[in-house]
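Keep the viewer open as you read.

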Amino acid sequence: MDRRMGVDSVTITVEGMTCNSCVWTIEQRIGKLNGVHHIKVSLEEKNATIIYDPKLQTPKTLLEAIEDMGFDAILHNPNPFPVLTDTVFLTVAASLAVPWDHIQNTLLKTKGVTDIKISPQQRTVVVTVIPSIVNANQIIELLPDLSLDTGTLEKKSGTCEEYSMAQAGEVMLKMKVEGMTCHSCTSTIEGKIGKLQGVQRIKVSLDNQEATIVYQPHLITAEEIKRQIEAVGFPAFIKKQPKYLKLGAIDIERLKNTPVKSSEGSQQRSPSYTSDSTVTFIIDGMHCKSCVLNIESALSTLQYVSSIVVSLENRSAIVKYNASSVTPETLRKAIEAVSPGQYRVSISSEAESTSNSPSSSSLQKIPLNIASHPLTQETVINIYGMTCNSCVQSIEGVISKKAGVKSIRVSLANGNGTVEYDPLLTTPETLREAIEDMGFDAALSDTNEPLVIIAQTSSEMPLLTSTNEFYTKMMTPIHDVEAKTSSKCYIQVTGMTCASCVANIERNLRREEGIYSVLVALMAGKAEVRYNPAVIQPPVIAEFIRELGFGATMIENADEGDGVLELVVRGMTCASCVHKIESILTKHRGIFYCSVALATNKAHIKYDPEIIGPRDIIHMVESLGFEASLVKKDRSASHLDHKREIRQWRRSFLVSLFFCIPVMGLMIYMMVMDHHLAALHHNKNMSQEEMTNIHSSMFLERQILPGLSIMNLLSFLLCVPVQFFGGWYFYIQAYKALKHKTANMDVLIVLATTIAFAYSLVILLVAMYERAKVNPITFFDTPPMLFVFIALGRWLEHIAKGKTSEALAKLISLQATEATIVTLDSDNILLSEEQVDVELVQRGDIIKVVPGGKFPVDGRVIEGHSMVDESLITGEAMPVAKKSGSTVIAGSINQNGSLLIRATHVGADTTLSQIVKLVEEAQTSKAPIQQFADKLSGYFVPFIVIISITTLLVWIIIGFLNFEIVETYFPVSDL
């Protein structure tokens, strides 16, 4: 057995498998990964044993691959176990025309084969195998043209050397190279790798993100090439197994005599000169680390350059060189000539660091000595609001203590300040903001152009006339070094189903060049990305997400991720206090908007939660001498409680029902009797007068007073409580609707019942006044019947609403009200704890959650182990294990172990808040047909009222013109 080929085995615990389908899925997906020779997954033991090539895979990459499939994977032992391999020597019969490509392709596709060496001249094949997966007999079955070479097997060691040398020709290798953004990156890789001994040719493709390399395997290995590319700053992966190029015997003999490259020889450095000088260049046009390495590698090859340090942040290069051999101008042109030739270089300063060169002229010496002192710049800031010398002294005293400020002169008469500063430590904009923070208005001069000033700390260094030209050149204006900027974008992501999708997107996006941070919210389906706009743009980020298999679209409204804060501010006395708070807050970085109302003592603030948080804003307001606190919000979900409405309509229904049942009994009795009288009239041919006498003799139709029957009196007495007590809430709602000049169904109900009651009462009083012998027809039965059925409908409606809102109320009750924020030192030692309101938690805060406590916000565990109950959020019945790096959900319950988490989603961005928001939106949203019905109901009530009034007017007119028509259609009036 042999261990030279470096095959390892690792066992990974896999949680979440439920059936053999999960086992098959993992084996198929992981088995297809490049470098994986064999995988065996056990459902019973919940683990996966993987045999792999450590050059192509690592335990961590295999772990991530399993997690990307949606399973939880744990690596208990990060140290892999070595797997022994065996070497099989095979030969091909001399009479056969050998298809070497077919043999190589077949063996490469065979699981368990780790290496192949083919010698067409000797017609032999040396195969390195993992004996636990494949053996010589199985290979011969796959390739019948091959046979086991027993003779070679006996002389194994000597033959291996011959095969190795026979194989020492040129090999073509294709590698996937990530992170390249411009042609400067390709030039860097080609220049670096092309200089390695053993690398014959290299071609890097920016479009395909790959490198094709032809190298000599006896001088350098594929793993060494991969490591050298990664040393330049680009992640590299072997895309295809090395393909051996066919060489003749002459080439092999030549390669035998090629000396092996030593590792030390590749790190040769330029000789150090006794007369070295240092020059600083300002370089525009650098975009990434590749540009830095490109410039450094190009100039370090020059013999007269002893060292070079390039800074991407400061856009500068410090070069140490031999002043007797080259001038700074030549070095400047050399930097500008570096591929791809897009750099703009200017000389910032020169200094002579060691002994002077004898060949240097006096003209060169003087400016070098002058430039050895630090450079400063001068800027003029216009200051408004100064009233006396006390303001001048206050500004000079505060600004002079700022980092990088050399001197400051404030003029009260001119209303400005002249500041001399170090551009590497501060900027004019920072100084302007510092002055505004003191309560003054400040603005940079429109014509303000910072000047490079040579600080002369010693009076013993006079400026000679011969140096005036150089000094004038050093006094020309230059712009400040541009600080590294970042922008933020929001992307709507669809297709995410679980936390594994979130982790997959965040992990892959962080690998991309130019992306600083990624934060993905699962429930909101939104990704917040902070990036460098000089390197990458939002459409490219969205395309990266789509390549991962998710839908991604840009969110144009950038205000969506802004935080909103409502504060109660005490201690304000006048409009000056309001202006003071608004001006100070809006000048602070991270605050977009601030509005303070003196009458209500409230402040409305919009801010960037990544830069500033609620606690910081409250501290700022309190530092101005005011008291500030959060506006108390109702966390009891009382707006979702329908108990009061249910009790209200239940009472209305029962009152109406109590008086409606007797009314219904009277109505049914009169209907039966009227039917009986109609039958008598039909069968016995009674006259109308006889029918009237029989009708009047009925008990309910007997008159207590002239015009007032027992029936009408009972109906009136039963109708009054329903009309004024059972219908009380209808009258209130109708009044509110009419007050706002609208007409709803309550208006229609009140209108119908009131008219029926009023008409019946009036007609009854008229009959009593006229002492009528025939009882009038009344409608006292209408209000109780109408109110009882509508009250029943309203009661059932609120019961249904209460049931649907009950789940939402339970979700809201899961939210924690307070959080314990801790402060840690550099060694993660607990310094202090503070109990704060959950709405004051800021993104990035470290929160302590004790056993039995609720997680106040979404976050990521940074320390501790515990089991967490997420059943109320996810429905998962079993507790979920949480360790360092795991994500936690707000509202879930910590069971057995104290955890420290770092807040990632706070306030309305937490998963629980997003669930509540989605449920509320689902309840308030309407279907299109429902929206149409609501729109139609706005016209329904006025239409019914108009039709009713029109009908009344028509019948009145008909009655005046021809009353016989009315008698024809209303024969009951004859009674």
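On a 1 Å grid over the protein atoms alone, a cavity is a set of points where a 1.4 Å probe fits but cannot get out, and its lining residues have an atom within 4 Å of a point. Grid points are joined across faces, edges and corners, and a volume is the space filled by probe spheres set on the points. This is a predicted model, in which local features need pLDDT of at least 70 and side-chain atom pairs count only at pLDDT 80 or more, while totals for chains, interfaces and linings use all residues. Residues are numbered from 1 along each chain as its sequence is written, and side-chain values use heavy atoms, with hydrogens and water left out.

**The cavity**

Searching the whole structure turns up 1 cavity of 30 Å³ or more. The volume of the largest cavity is about 100 Å³. Its lining is made of 10 residues, and Ala521, Lys526, Glu528, His905 and Asp909 lie nearest the centre. Strands β23 (515–521) and β24 (526–531) each contribute at least two lining residues; helices (H or I, at least four residues) and strands (E, at least two) are DSSP runs, numbered from the N terminus. Sorted by class, the lining holds 3 nonpolar, 3 polar and 4 charged residues. Here Ala, Val, Leu, Ile, Met, Phe, Trp, Tyr, Cys and Pro count as nonpolar, Asp, Glu, Lys and Arg as charged, and the others, Gly among them, as polar.

**The sheet**

Next, have a look at an open sheet of 6 strands, which run in the order β33-β32-β34-β40-β35-β38 with antiparallel pairing. β33 (830–837) and β38 (887–888) are at the edges with a single partner strand each, so one side of each has no neighbour in the sheet. Two strands pair if DSSP finds at least two bridges between them. Strands β32 (residues 818–824) and β34 (residues 846–849) are joined in the antiparallel sense over 2 bridges, and isoleucine 821 sits opposite isoleucine 847 of β34.

**Charged pairs**

A salt bridge is a side-chain nitrogen of Lys or Arg within 4 Å of a carboxyl oxygen of Asp or Glu. The whole structure has 23 salt bridges, and the table shows some of them.

| Pair | Closest N to O |
|---|---|
| Arginine 507 and aspartate 68 | 2.1 Å |
| Arginine 315 and aspartate 284 | 2.2 Å |

Buried means under 20% relative accessible area, exposed over 50%, and partly exposed in between (1.4 Å probe, protein chains only). Arginine 507 is buried at 16% relative accessibility, whereas aspartate 68 is partly exposed at 31%.

Aspartate 284, at 21% relative accessibility, is partly exposed. Arginine 315 is in the loop between β14 (305–311) and β15 (316–322), and aspartate 284 is in strand β13 (residues 276–284), so their bridge ties together parts 31 residues apart in sequence.

Glutamate 870 is buried at 7% relative accessibility, and lysine 882 is buried at 8%. Salt bridges with shared partners also join Glu64, Asp68, Arg507 and Arg511 into one network.

**Cysteines**

With a disulfide taken as a pair of cysteine sulfur atoms within 2.5 Å, the count is 0 disulfides. Cysteine 489 is buried at 5% relative accessibility, and cysteine 719 is buried at 0%.

Conventions: On a 1 Å grid over the protein atoms alone, a cavity is a set of points where a 1.4 Å probe fits but cannot get out, and a pocket is an open set with protein on both sides within 12 Å along at least five of seven lines; lining residues have an atom within 4 Å of a point.
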